[in-house]
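Reader: I have a protein model open and would like to learn how to read it. Could you walk me through it?

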Amino acid sequence: MRIIVEEHPNVLDVSELLRPEKTFADKDVSKFRDYTVDDNDPLKERVRRTYKLMHTHQTVDFVKGRHEEWLKFDHLKVNIRDALEKLNDLVDESDPDTDLPNIVHAFQTAERAREEYPEWDWLHLTGLIHDLGKVMAFYGEPQWAVVGDTFPVGCEWGPSIVYREDSFVDNVDGTNPKYNTKCGMYKPKCGLENLTMSWGHDEYLYRVLKHNKSTLPKQALYMIRYHSFYPWHSGGDYGHLTLEKDEKIKNWVLLFNRYDLYTKSTTKPDIDALWPYYQGLIDKYCPGELEW
């Protein structure tokens, strides 16, 4: 059943969004995001190690420092296509579902969105570029500060965060009374957009697009900024900090999640053949060289 979605996100019903997963996943949906620990599985051990580093070092002070470093937008000037080409050389060390270069995942995501909603060209481009903030990995950032699920810093860590039980033991914010309570440095119901998220590719690309005055619609920016915030959009955490209106944002993110997560497979799109279509979208919504 195809979901009819109007301009405003409150028309979406989450239960309806989740139904079509099995129609295009090439494995059972329960097999995605398997974070079980297995010391004999190199991929799972790589993922666990990446999250351990992330959960140790993603503190309030660290995130503030990354904002100061990256939000000057003075690291490089490059167009979207050239930035995407860099992802040929990036394998996401936090991802248990694929070990293909990230550019393959970008086109898989985009093409599934295009198939389901051919009239929404902005959604196709969103799928293509959603992980583009990972270019930070080529300019000095370790992968644990680039990839993986995100979460708010400065408050108690949500119970559904992967490896939650033992991966935060060395994070200094856990012993800081300003940050280790349920609300921490936030007021109850402060709203999603007032949270300071752990640093990674989501927040960075969102800020890059805003800085460069991309004309992608607000729904696209929601998807890009929060697609890795699994503890919120899929785990049910942080409801004490979010507002009712944030549920509308969540619906858009859940819609996008179907393309981001469930298209990961060994089937590779014909990237060379697809470039002309997507270059047209880049020229429409994010033309020219961007400041990164």
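**Two helices side by side**

Author: Let's begin with a pair: helix α8 (residues 201-211) and helix α9 (residues 218-226) have axes that come within 6 Å and cross at roughly 150 degrees. Helices here are DSSP runs of H or I with at least four residues, strands are runs of E with at least two, and both are numbered from the N terminus. This is a predicted model, where local features need pLDDT of at least 70, side-chain atom pairs count only at pLDDT 80 or more, and totals for chains, interfaces and linings use all residues. Residues are numbered from 1 along each chain as its sequence is written, and side-chain values use heavy atoms, with hydrogens and water left out.

Reader: Which residues make the contact between α8 and α9?

Author: Contact means heavy atoms within 4.5 Å. From α8 come Asp-202, Glu-203, Leu-205, Tyr-206, Arg-207, Leu-209 and Lys-210, and they meet Leu-221, Ile-224, Arg-225 and Tyr-226 of α9. Sorted by class, that makes six nonpolar, no polar and five charged residues. In this sorting, Ala, Val, Leu, Ile, Met, Phe, Trp, Tyr, Cys and Pro are nonpolar, Asp, Glu, Lys and Arg are charged, and the others, Gly among them, are polar.

Reader: At what angle do helix α6 and helix α12 pack?

Author: Helix α6 (residues 121-129) and helix α12 (residues 271-285) pack at about 100 degrees, their axes 10 Å apart. That makes α6 roughly perpendicular to α12. On the α6 side, the contact is made by Asp-121, Trp-122, His-124, Leu-125 and Leu-128, and on the α12 side by Tyr-277, Tyr-278, Leu-281, Ile-282, Lys-284 and Tyr-285. The classes here are eight nonpolar, one polar and two charged residues.

Reader: How many residues of α6 are buried?

Author: Buried means under 20% relative accessible area, exposed means over 50%, and partly exposed lies in between (1.4 Å probe, protein chains only). Helix α6 is mostly covered, with nine of its nine residues buried. For the chain of 292 residues, 57% count as buried.

Reader: Is Asp-121 buried or exposed?

Author: Asp-121 has a relative accessible area of 16%, so this residue is buried. Its side chain makes a polar contact with the side chain of Lys-284 at 2.8 Å. A polar contact is a pair of N or O atoms within 3.5 Å; within protein, one must be able to donate a hydrogen and the other to accept it, and residues adjacent in sequence count only if both atoms are side-chain atoms.

Reader: Which residues touch the most other members of the largest nonpolar core?

Author: A nonpolar core is a set of buried Ala, Val, Leu, Ile, Met, Phe, Trp, Tyr and Cys residues joined through side-chain atoms within 4.5 Å. The largest one has 84 residues, and Ile-129, Leu-132 and Trp-292 touch the most other members. Helix α12 gives the most to this core, with seven residues. Leaving aside neighbours within four places in sequence, Ile-129 is in contact with Ile-80, Leu-84, Leu-205, Leu-209, Leu-216 and Ile-224.

Reader: What does the side chain of His-233 reach?

Author: His-233 lies in helix α10 (residues 230-233), and at 4% relative accessibility it counts as buried. The side chain of His-233 reaches the backbone oxygen of His-227 at 3.0 Å. It also makes a polar contact with the side chain of Ser-234, at 2.8 Å. His-233 and Lys-250 are 17 residues apart in sequence, and 5.9 Å apart in space from C-alpha to C-alpha.

Reader: What is the phi of Tyr-238?

Author: Most residues other than glycine have a negative phi. The phi of Tyr-238 is near 70 degrees, a positive value in a residue other than glycine. Tyr-238 lies in the loop between α10 and α11 (246-262) and, at 3% relative accessibility, counts as buried. Tyr-163 has a positive phi as well, near 60 degrees, and is found in the loop between α6 and α7 (164-167).

Definitions and conventions
Axes are lines fitted to C-alpha atoms, for helices over the stretch in contact, and angles run from 0 to 180 degrees between N-to-C directions. Angles under 35 degrees count as roughly parallel, over 145 as roughly antiparallel, 65 to 115 as roughly perpendicular and the rest as oblique.
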